[in-house]
Amino acid sequence: MRKVLLFGAISADGGNISDCAAYVAAGLVKLGISAAVCAKIKQEDIETIRVFFTENGIDGEMLFTDEKQFDLNVSGISAVFVTGDFAVSELGFGLLKELREKCDSLQIPLILATSNHSEFSDRINEAARGASVFLTSIEDAQKLCGLSDAEKIAEHYLSLGANKVVVTLDKQGAFYKSRVECGSAPTFRADRVVDTTGAGDAFAAGLTSGIIEELPLGEAVVRANACGCMAIQHEGLYMPAADKLREYMLSHRFVVDGCKDF
C-alpha cells in the first residue's frame, strides 16, 4: 500500500491540533493512502494528538518527546511531506539536508509546504533546494521572497533548486510550473460555501496523492483544487474520500474567473 511520511511540528493548544501535517495525513487516509506522521511533541499534548490520529487512521508510532527517538528511515515510503513549521524549527532545519539526501537516493518525492514564516525566509529558501515539489500560497510567497506574481515566484524557487512549484491563489485556483509544465488550474464550482477551514490542507492532500500516482503536475493540481473546493462546502475539517472526489470532479465544472462565493 502507498504510504506518505509527514514531518511536522504538532501541538495541541486548547485541544486544537496545530500544524498542517496531521490534517494532510487525515486527508491522505480518506483518499486511500496510508499516512504516518513524525513529530516531536510535548508530553502534555500526547493524549489529544493520539486521539485525533486514532480517529483518522493515522500512524502515530513516530511521534516522540525525546530527540533521541527521531528516525529518518524512509524505506518503503511513497512520498515525504514536510511542513514549514518543521522546516524552520531547530530540529527540522538541522535534519532536512539528511532527509533530502535519503529521499534523493531512494528516488522518493519530497514535498515542502510553506506557511507564513517570513522571519525564517532564509531557512525556507534553503529547504526549497532540491525539493521535488515546493508548495506555497501567493500570500506566503510575497512575504518569503518579496515577489507578487505567481509565475515569477515559481521561477524564483525553480532557480533555487526546487523541481516543481505550486502557488495557490485562493479562489482563483493555483499556478504551477516545472521544467516541462507551466499553467494555471482554475478552481471548481462550489454549490455552497460553509467553512474555508482546512481547504489548504485538503489541497495539499490531493496534490500529494497526485504526485504519488505520478500524474502530470497540472492534473495533480486540478485534483488538489477539487479537494480544496469540496472542503469549503462542509463545516469544520472535511476531507473527501476517493470515490466522492471522483464523482465531484466528473459532475462539476471549472470556474475560470474564480469561485465568487468566498
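Predicted model: local features only at pLDDT ≥ 70, side-chain atom pairs only at ≥ 80, totals over all residues.
Mentor: Residues are numbered from 1 along each chain as its sequence is written, and side-chain values use heavy atoms, with hydrogens and water left out.

Trainee: Why are helix 9 and helix 10 called roughly perpendicular?

Mentor: Their axes, lines fitted to C-alpha atoms over the stretch in contact, with angles from 0 to 180 degrees between N-to-C directions, lie 10 Å apart at about 100 degrees. Angles of 65 to 115 degrees count as roughly perpendicular, so helix 9 is roughly perpendicular to helix 10.

Trainee: Which residues of helix 10 make the contact?

Mentor: Lys244, Leu245, Tyr248 and Met249 of helix 10 meet Val222, Arg223, Ala226, Cys227, Cys229 and Met230 of helix 9, contact meaning heavy atoms within 4.5 Å.

Trainee: What makes a residue part of the lining of a pocket?

Mentor: An atom within 4 Å of a point of the pocket, which is an open set on a 1 Å grid over the protein atoms alone, where a 1.4 Å probe fits, with protein on both sides within 12 Å along at least five of seven lines. The largest pocket is lined by 30 residues, with Ser137, Thr168, Ala199, Gly200 and Asp201 nearest its centre.

Trainee: Which helix supplies the largest share of the lining of the second largest pocket?

Mentor: Helix 10 (residues 242-251), with five residues. Leu245 and Met249 are among the lining residues of the second largest pocket, and both also belong to the contact with helix 9.

Notes: Helix = DSSP H or I, 4+ residues; strand = E, 2+ residues; numbered from the N terminus. Parallel < 35°, antiparallel > 145°, perpendicular 65-115°, else oblique.
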